[in-house]
Structure formats: C-alpha cells, structure tokens
Amino acid sequence: MIRRFTVLAALAVVCAGVELVAGRGMSPGAAWDVLNGGGDPTERHILFQLRLPRLLVALVAGACLAVAGLVLQSALRNPLAGPEVTGVTPGAVLGAVTATALGLAGWDSPLAVVLAACAGGCVGAALLWLLAGRGRGDPAHTAVHGVLVSAVLGGLTAMVLLVEPGELGSVVQWLVGTTEGRVWQHWHLLWPWALVWGVAAWLLAGPLTLLRCGDDIALAAGLSARPARTLALLCAVALTAGAVAAVGALGFVGLLVPHLAVAVFGADLRVSLPGAALVGAVVVCGADAAAQLSSRLLAGALDSGRLTLPVGALTACLGAALLLVVVRRTPSRTF
C-alpha cells in the first residue's frame, strides 16, 4: 500500500511539473530557467502568479471531487452516484452565473464568485433535502430526487442565459469547468475549506464502510444509518461546492475516480479516501496539463492565439469514453 501511494505521489509530481511548463506565454525552456532562479520579471510573474496557483487549485479541486464522489457512492450504495446527484454542482454553477449576471460578482473578483457558487451549491443541497423529505435516508429515493433537482437547476441556468445572453462565456466556463485564470486568491479560499471537510470525511470512514455493506449490517454493528448518511452527504456537499466554486463543473471526476481508487487501494475507506484524493489530484492535474499542451498545439496548427481547451471538456470526453468501455465489458452488471 505504501508503494502504491509512493507511485501516485511521484506521478502527481510529474504531472505538476508538466503543467508548470506546458502553458502558453513562455517556452518550456524559459519556465525551467525561472524554476532554477533565472528569468525576467514577466516570466517570473507568469510562473509564480499564474501557473503555480492554477496548478495548486487543480490538485485540490480534483481531490475534493474524488473524495466527494467516494463518500456519495458509499453513503448511497450507488456506483453511479456522483456530485451531480446532490444537486450541488448545478446549484453552484447557477449561483455563480446569476451573481455575474446581476453584476454582484465577476472574474476580477474571485471571492464574490466563490461565495456565490457556495451559496448556490447549498441551495441545491437544501432543495434535495426538502424534496426527499422522510425518504432522505433511502439511497434510491435520494438519488432520484437529486437527478430531478439537478435538472431543475440546469433549467434555471438556461433561463438566466436567455435573460442575460451576454453571460454566455461565464455559463460555458462554469458548465464545462476550467482552471484558466485561477490566482492565489482562489487557492487561499479553497485549501482551508478542502482541509476541514476532507478531514471530516476521513473521520466518517468507519461508518461509511458499514453503510457500503447495507443498513441492516450497519444497524447490527450499532450504527444508526440515517444520521451517519446525513453527515456523509453534508461532507460531500461541502467538498463539491468548494471545488465547483473554484473550477466549475468537471465532468466524471467524482463519478469514475472513486472506482479507480477502490480498485487500487481496496474497500477500506480509511485508506481509499486518502487514495481517492491523491488519484483525483493526479487526474485533474494531468488533464489540465494535457489540455494546455493540446491548446498550444492546436493554436499553432490553426494559427489562433486565443484558442483554449478547458480541462472540463477533456475530463468529460475521456470519462464518457471510459464509462462506455466499462459498461460494454460488463454487460451483465447492474449499475
């Protein structure tokens, strides 16, 4: 197990190094020169004020989404449960877009955007809580109502776009997910939130492991399923809201990474929850590095200096393809 964590940590370092030198604005050689203490003031500003906070935000956001997904799948006993099931992802997108349309927030005010997204995520979770009612302890009941809440919030986001068509760029960035333009203020807002709720999720590893086995087994072990599931959902909501507030909706990270983490680290959530955080960080960081490299190559090939491939588009495409492969290889499995 230590070897697996070491390999993943080394992979994270490699992905981080590639992301630091992959972006546009200066060559990889210039970035390496800055890392060795050289470079001019402009190059140092690009690396340390733009690329480094973007890297750190990508790592922590990926960890948050992966842990949130594993917590949801364990608490709801649903292998296809992801952050979208809670209604938090579309709620956070709606909050950010609405605040931007009303002029209360903008890309030049990260704190206002983050607060608006967190408020929207909490509203989505509250709607799920109210609609689920007495059946909120039933995994299937909660999952179905979560899908309905997500659909309603997505419709409201479309209505905001109709009212304020000038906000199309904001809507697309929040719906797809991007790390573009993330600065130190985003990082300072994200990491304490992620640390607090990540530790809370790890403290629930024991109850979550019992919930994965079923409510009857949990009850036989002396665990009250409903309060434990409610606390787990709260942690998942908070982690998702923080990640979406920072980078938008990154598709399939919270759905597929938990399966990979359990396959690598086993079903003991005391180990697989930190493992999921590490795998999620590697996946999002690696995807962001690949997106930057692809943007650089496409911009050169198409002679378009402003072409940017958002990381969310890459994770969505790769995640959908991987999910199709898994389903086709296991047609007899019930998801």
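Ile46 counts as buried, with a relative accessibility of 15%; buried means under 20% relative accessible area, exposed over 50%, and partly exposed in between, using a 1.4 Å probe and protein chains only. Ile46 is found in helix 3. The model is predicted: local features need pLDDT of at least 70, side-chain atom pairs count only at pLDDT 80 or more, and totals for chains, interfaces and linings use all residues. Residues are numbered from 1 along each chain as its sequence is written, and side-chain values use heavy atoms, leaving out hydrogens and water.

**Overall make-up**

- The protein has 14 helices and 0 strands. Helices (H or I, at least four residues) and strands (E, at least two) are DSSP runs, numbered from the N terminus.
- Of the 335 residues in the protein, 47% are buried.
- The accessible surface comes to about 15400 Å². Carbon and sulfur atoms hold 71% of that surface. The areas come from the Shrake-Rupley method with a 1.4 Å probe; for residues, only the protein chains shown count as cover.
- Take the contacts between residues at least 6 apart in sequence: 78% of them join residues at least 24 apart. Contact means heavy atoms within 4.5 Å.

**Ile46 and Val34**

- Ile46 and Val34 are 12 residues apart along the chain. Their C-alpha atoms are separated by 9.8 Å.

**Helix 3 against helix 9**

- Helix 3 covers residues 41-76. Its axis lies 7 Å from that of helix 9, and the two pack at an angle of about 50°. Axes are lines fitted to C-alpha atoms, for helices over the stretch in contact, and angles run from 0 to 180 degrees between N-to-C directions.
- The two helices are therefore oblique to each other. Angles under 35 degrees count as roughly parallel, over 145 as roughly antiparallel, 65 to 115 as roughly perpendicular, and the rest as oblique.
- Helix 3 brings Leu70, Val71, Ser74 and Ala75 to the contact, and helix 9 brings Leu208, Leu211 and Arg212.
- By class, this contact has 5 nonpolar, 1 polar and 1 charged residues. Ala, Val, Leu, Ile, Met, Phe, Trp, Tyr, Cys and Pro count as nonpolar, Asp, Glu, Lys and Arg as charged, and the others, Gly among them, as polar.

**Helix 9 itself**

- Ala205, Leu208 and Leu211 are buried in helix 9 (residues 205-213).
- Seen down the helix axis, the buried residues of helix 9 fall within an arc of 120°, so they line one face. The arc is that of the directions from the helix axis to the C-beta atoms.
- Gly214 follows helix 9 and has a positive phi, near 115°.

**Helix 3 against helix 12**

- Helix 12 spans residues 253-265. Its axis and that of helix 3 come within 7 Å and cross at roughly 75°.
- Helix 3 and helix 12 are therefore roughly perpendicular to each other.
- Residues of helix 3 in this contact include Gly62, Leu65 and Leu70. Those of helix 12 include Val253, Pro258 and His259.
- By class, the contact has 8 nonpolar, 5 polar and no charged residues.

**Phe252**

- Phe252 sits in the loop between helix 11 (225-247) and helix 12.
- Phe252 is not a glycine, yet its phi is positive, about 75°. Most residues other than glycine have a negative phi.
- At 26% relative accessibility, Phe252 counts as partly exposed.

**Asp288**

- Asp288 lies in helix 13 (residues 269-302).
- Asp288 counts as buried, at 0% relative accessibility.
- Neighbours within four places in sequence aside, Asp288 is in contact with Glu19, Arg54, Ala58, Thr179 and Val311.
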